[in-house]
Amino acid sequence: ETPDIVIDIEKSEIIDSEGINLIIGLYRECTSNGKNFQVINPSADNLRLFGILKLSRIFGLQAV
């Protein structure tokens with residue numbers, strides 16, 4: 001299914017706790033309004049962070 005909202009984080013080398021909270025908030029807002037949400041192009045470090053926080057599956061990312 002094609003996402004309605006896409007967050008491309010390719011140029012974000014590292015995401016801090018505020019950034020994670022923002023992404024989670026956007027995800028919750030989108031899903032509560034019936035919208036599909038996707039995060040794309042994470043760096044290796046950010047992908048690892050999403051994995052540690054158990055967010056990889058929610059955002060459709062492959063954890064390393």
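My entries below go from the whole chain down to single residues.

**Ground rules.** I am working from a predicted model, where local features need pLDDT of at least 70 and side-chain atom pairs count only at pLDDT 80 or more, while totals for chains, interfaces and linings use all residues. I number residues from 1 along each chain as its sequence is written, and side-chain values use heavy atoms, with hydrogens and water left out.

**Confidence.** I checked pLDDT, the predictor's confidence in each residue, from 0 to 100. The chain has a mean of 90, and 94% of its residues reach 70 or more.

**Layout.** I counted 3 helices and 2 strands. Helices (H or I, at least four residues) and strands (E, at least two) are DSSP runs, numbered from the N terminus. Along the sequence they follow the pattern β-α-β-α-α. The radius of gyration, taken over C-alpha atoms, is 11 Å, close to the 11 Å that the globule rule (2.2 Å times the number of residues to the power 0.38) gives for 64 residues, so the chain is as compact as a globular protein of that length. I also noted that the C-alpha trace spans about 30 × 25 × 20 Å along its principal axes.

I took contact to mean heavy atoms within 4.5 Å. Of the contacts in the chain with a separation of 6 or more, 64% are between residues 24 or more positions apart. Buried means under 20% relative accessible area, exposed over 50%, and partly exposed in between (1.4 Å probe, protein chains only). Buried residues make up 23% of the 64 residues.

**F59.** I looked up F59, which lies in helix α3. Is F59 buried or exposed? It counts as buried, because its relative accessibility is 3%. Leaving out residues up to four places away in sequence, F59 touches I23, I24, Y27, F37, Q38, V39 and F50. I also compared F59 with S32: they are 27 residues apart in sequence and 15 Å apart in space, C-alpha to C-alpha.

**N46.** Next I went to helix α2 (residues 44-52), where N46 sits. N46 has 0% relative accessibility, so I put it down as buried. Its contacts, not counting residues up to four places away in sequence, are I9, S12, E13, I14 and I15.

**N21 and N41.** N21 is in helix α1 (residues 17-32) and is exposed, because its relative accessible area is 52%. N41 is in the loop between β2 (37-40) and α2, and it counts as partly exposed because its relative accessibility is 37%. I got 18 Å between the C-alpha atoms of N21 and N41, which are 20 residues apart along the chain.

**Positive phi.** Most residues other than glycine have a negative phi. Which residues did I find with a positive phi? N41 is one, with phi near 60°. K54 is another non-glycine residue with a positive phi, about 60°. I found K54 in the loop between α2 and α3, and K54 is exposed, since its relative accessible area is 69%.
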